[in-house]
Amino acid sequence: TVFDNISVVGTASGVNVNHPAVTGSWTDISITNSYFDTMSTASGWGVGLSGQGVKRATVANNTFTNCNQQCMHIEASQGITLANNRFLKRNTTTANRGLVSILDGANGIVVGGNFFDLTDSAAGSAGRAVNAEPGGGASPFDLSVIGNVFLTKAGNTGVTILAANQVVLSN
């Protein structure tokens, strides 16, 4: 499944590739050269890309901005590469979310060469650029966060790893 050069503006969710019952139900997904802006709802939900139960995906050369929750939500998925994307501005005060959230046993995840900017995020936003945690399921494992740029302000963090295994962090 290929999504190339799309623009998604002003909706609750940009692209959802979800199948919560079985990891690998969605395979070989490519999302490239696209723009996601103002992902939000009155209740606070807002995700540019949600991938649950995905096997093998590349998300590259995209811009995500004004996400209310997470620009990317990766859950119970494997073999996902996020490369050369721009993640900008988070509009929520929900502290336990990242511009990229990796949850529930997700594995084989590479976050590399991306630009994260939390400096223009909503006032009071205690956001994380990359967040990896069990999220109510198994701990994520086999994660690489390499060669990214993180711009943050007081109260924000670049990378937060909670109970994940086999993690590589590198410039």
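How many helices and strands does the protein have? Zero helices and 19 strands, going by DSSP runs numbered from the N terminus (H or I of at least four residues for helices, E of at least two for strands). This is a predicted model, so local features need pLDDT of at least 70 and side-chain atom pairs count only at pLDDT 80 or more, while totals for chains, interfaces and linings use all residues. Residues are numbered from 1 along each chain as its sequence is written, and side-chain values use heavy atoms, with hydrogens and water left out.

**View 1. The whole protein, inside and out.** Of its 171 residues, 49% count as buried (under 20% relative accessible area; exposed is over 50%, partly exposed in between; 1.4 Å probe, protein chains only). Take the contacts (heavy atoms within 4.5 Å) with a separation of 6 or more: 74% of them come from residues 24 or more positions apart.

View 2. Setting aside residues up to four places away in sequence, methionine 72 touches Leu49, Val59, Phe64, Leu82, Phe87, Leu99, Val100 and Ser101.

**View 3. Phenylalanines face to face.** The structure holds four aromatic pairs (Phe, Tyr or Trp rings, the six-membered one for Trp, with centres within 6.5 Å; planes under 30 degrees apart are stacked, over 60 edge-to-face, the rest tilted). Phenylalanine 36 and phenylalanine 64 are stacked, because their ring centres are 4.7 Å apart and their planes sit at 5 degrees. That pair links strand S5 to strand S8 (residues 63-67), 28 residues apart, and both partners are buried. Phenylalanine 87 and phenylalanine 116 have ring centres 4.9 Å apart and planes at 10 degrees, so they are stacked too. They lie in strand S11 (residues 86-90) and strand S14 (residues 115-117), so this pair ties together parts 29 residues apart in sequence. Phenylalanine 87 and phenylalanine 116 are both buried. Together with Phe150, the residues Phe36, Phe64, Phe87 and Phe116 form one aromatic cluster.

**View 4. Aspartate 37.** This residue lies in strand S5 (residues 35-39) and is buried, at 13% relative accessible area. A polar contact of 3.0 Å joins its side chain to that of tyrosine 35 (N or O atoms within 3.5 Å, one able to donate a hydrogen and the other to accept it; residues adjacent in sequence count only if both atoms are side-chain atoms). Beyond neighbours within four places in sequence, aspartate 37 is in contact with Val8, Val9, Gly10, Thr65 and Asn66.
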